[in-house]
Amino acid sequence: MAAIIPCHYCSSLSVSKRPRSHIPWGNISHVNAAWWGRQLSLKCSLKSSQKAQLHNKLDEKLFPLKECAISIALAVGLVTGMPFVDWSPNAYAANPAMTDLSVLISGPPIKDPAALLRYALPIDNKAIREVQKPLEDITDSLKVAGVKALDSVERNVRQASRALEQGKSLIISGLAESKKDHGMELLDKLQTGMDELQQIVEGRNRDAVATKQKELLNYVGSVEEDMVGGFPYEVPEEYQSMPVLKGRATVDMKVKVKENPNIDECVFRIILDGYNAPVTAGNFLDLVERHFYDGMEIQRADGFVVQTGDPEGPAEGFIDPSTEKTRTIPLEIMVNGEKSPFYGATLEDLGLYKAQTRLPFNAFGTMAMAREEFESNSASSQVFWLLKESELTPSNANILDGRYTVFGYITENEDYLADLKVGDVIESIQVVSGLNNLVNPSYKIAG
């Protein structure tokens with residue numbers, strides 16, 4: 001199972017086999033500064049085998065004492081309410097690590113998973129983004145009580161309509177040639193829908209706004225997807241033979257819930273993003289087609305994350321029958337402003353302390369890979385979904401960003417994640433769409 005070890009530079013979500021009958025999760029408690037100092041003094045250097053690959057010169061990198069001092073200062077300042085991790089050999093509960101000060105300074109976060117996915121598409125079309133933003137802003141406008149919210153909503157709608165009218169030609173020119181007809185149909189539906197939303201606002205029907213907003217944003221997202229003509233970059237050669245998702249895919253995860261009078265079973269809709277994590281999303285989708293997760297229990301549900309993927313037996317991940325070895329995948333992090341992901345190193349390893357990840361841990365139900373504590377390229381089959389937005393995991397300043405590969409979000413029924421318990425059973429995960437985007441699927445290979 002997974003663990004986050006609270007050291008600024010060495011923390012990671014580790015995978016270790018534990019008896020299923022007893023899972024020693026860490027407890028929330030106060031931690032004193034001396035304890036933090038002891039842990040940091042032991043773990044403020046990191047050997048990274050990926051440095052040779054990334055820098056062609058360094059086989060080992062030691063973080064400077066200045067940065068360790070910053071880490072200790074942060075630890076002292078944030079000890080109140082700090083999640084505690086049992087440092088015994090049996091402990092493997094995930095709890096947050098410290099982050100750099102610069103990362104904590106950020107703008108208003110986007111927490112809606114569908115919005116995060118729209119903004120994560122590999123497009124560069126200002127005109128469609130100018131239509132999208134005021135429609136997204138309706139969510140904040142609706143936070144105002146009563147019909148007073150409709151005044152702000154009306155401004156949002158007028159801004160979006162004006163942006164569509166003025167930028168339509170630029171939007172159309174940005175559509176991929178093979179998808180242009182479909183994109184233009186969507187733009188017509190979008191225009192009609194915005195006229196309908198304007199009528200809803202004028203009729204002071206607040207209750208109908210959110211549903212229409214969601215419909216319009218679905219049109220916007222589909223138009224933006226029609227701007228992607230093909231997969232925008234090459235996966236590194238060493239990973240090209242692995243299952244790779246070149247695009248997006250949608251899966252439904254059906255979970256049988258035990259001992260809960262409020263819910264018997266639930267289907268979670270998950271969108272996997274291969275544009276920003278092609279190797280990770282491809283690995284997961286390949287395992288889904290192998291029915292690897294079908295019948296598997298939820299193995300961790302502690303209010304911070306929900307986790308599964310640890311198979312029965314001594315193996316800690318998926319054993320590839322063709323090699324009889326555990327199939328592992330690299331850490332894969334896409335950063336805003338980059339054309340392709342970084343592989344095999346955390347953003348801290350790379351010194352990118354201020355970088356923002358394209359798929360952040362902002363949304364309830366963010367999906368990511370667990371891995372060994374000190375080995376970036378050790379993820380296999382264990383996955384987790386983030387639940388808790390704590391003092392150390394706030395959206396847009398999340399200490400997990402850049403340390404673990406996010407490769408999707410739950411977009412429907414995510415609120416029910418909090419109801420899952422250890423022992424609840426994943427009855428099935430089935431592909432809804434996007435399987436045609438999976439390259440090199442190993443599940444088709446006999447054996």
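A search of the whole structure, which is a predicted model, finds nine aromatic pairs, where the rings of Phe, Tyr and Trp (its six-membered ring) pair if their centres lie within 6.5 Å, and planes under 30 degrees apart count as stacked, over 60 as edge-to-face and the rest as tilted. Two of these pairs share Phe284, as the table shows.

| Pair | Centre to centre | Angle between planes | Class |
|---|---|---|---|
| Phe284 and Tyr293 | 5.1 Å | 40 degrees | tilted |
| Phe284 and Phe407 | 5.5 Å | 55 degrees | tilted |

Phe284 lies in helix H9 (residues 278–289) and Phe407 in strand S12 (residues 406–412), so this pair ties together parts that are 123 residues apart in sequence; helices (H or I, at least four residues) and strands (E, at least two) are DSSP runs, numbered from the N terminus. Phe284 has 1% relative accessibility and therefore counts as buried, a word that means under 20% relative accessible area, with exposed over 50% and partly exposed in between (1.4 Å probe, protein chains only). Tyr293 is likewise buried, at 2% relative accessibility, and Phe407 is buried too. One aromatic cluster is formed by Phe284, Phe292, Tyr293, Phe318 and Phe407.

Leaving aside its neighbours within four places in sequence, Phe318 is in contact (heavy atoms within 4.5 Å) with Leu287, Arg290, Phe292, Lys325, Thr326, Arg327, Ser380 and Ser381. Of these, Leu287 is 31 residues from Phe318 in sequence, while the two are 8.2 Å apart in space, C-alpha to C-alpha.

Strand S12 leads on to the sheet, which is open, has eight strands in the order S4-S5-S11-S10-S12-S3-S2-S13, and shows antiparallel pairing; two strands pair if DSSP finds at least two bridges between them. Strand S4 (300–301) and strand S13 (425–433) stand at the edges with a single partner strand each, so one side of each is left without a neighbour in the sheet. Helix H9 packs on this sheet, touching S2, S3, S10, S11, S12 and S13, and its direction makes about 115 degrees with that of S13, where axes are lines fitted to C-alpha atoms, for helices over the stretch in contact, and angles run from 0 to 180 degrees between N-to-C directions.

Inside the sheet, strand S2 (residues 248–256) and strand S3 (residues 265–273) pair in the antiparallel sense over nine bridges, and Lys256 has Glu265 in S3 as its bridge partner. Strand S3 is also joined to S12 by four bridges, again in the antiparallel sense, with Ile271 opposite Tyr409 in S12. Four bridges likewise join the antiparallel strands S10 (residues 366–369) and S11 (residues 383–386), and there Ala368 stands opposite Phe384 in S11.

Turning to a pair of helices, the axes of H5 (residues 126–141) and H8 (residues 209–225) come within 10 Å and cross at roughly 155 degrees. H5 and H8 are therefore roughly antiparallel to each other, since angles under 35 degrees count as roughly parallel, over 145 as roughly antiparallel, 65 to 115 as roughly perpendicular and the rest as oblique. Residues that meet here include Ile128, Val131 and Leu135 in H5, and Leu216, Leu217 and Val220 in H8.

Residues are numbered from 1 along each chain as its sequence is written, and side-chain values use heavy atoms, with hydrogens and water left out. Because the model is predicted, local features need pLDDT of at least 70 and side-chain atom pairs count only at pLDDT 80 or more, whereas totals for chains, interfaces and linings use all residues.
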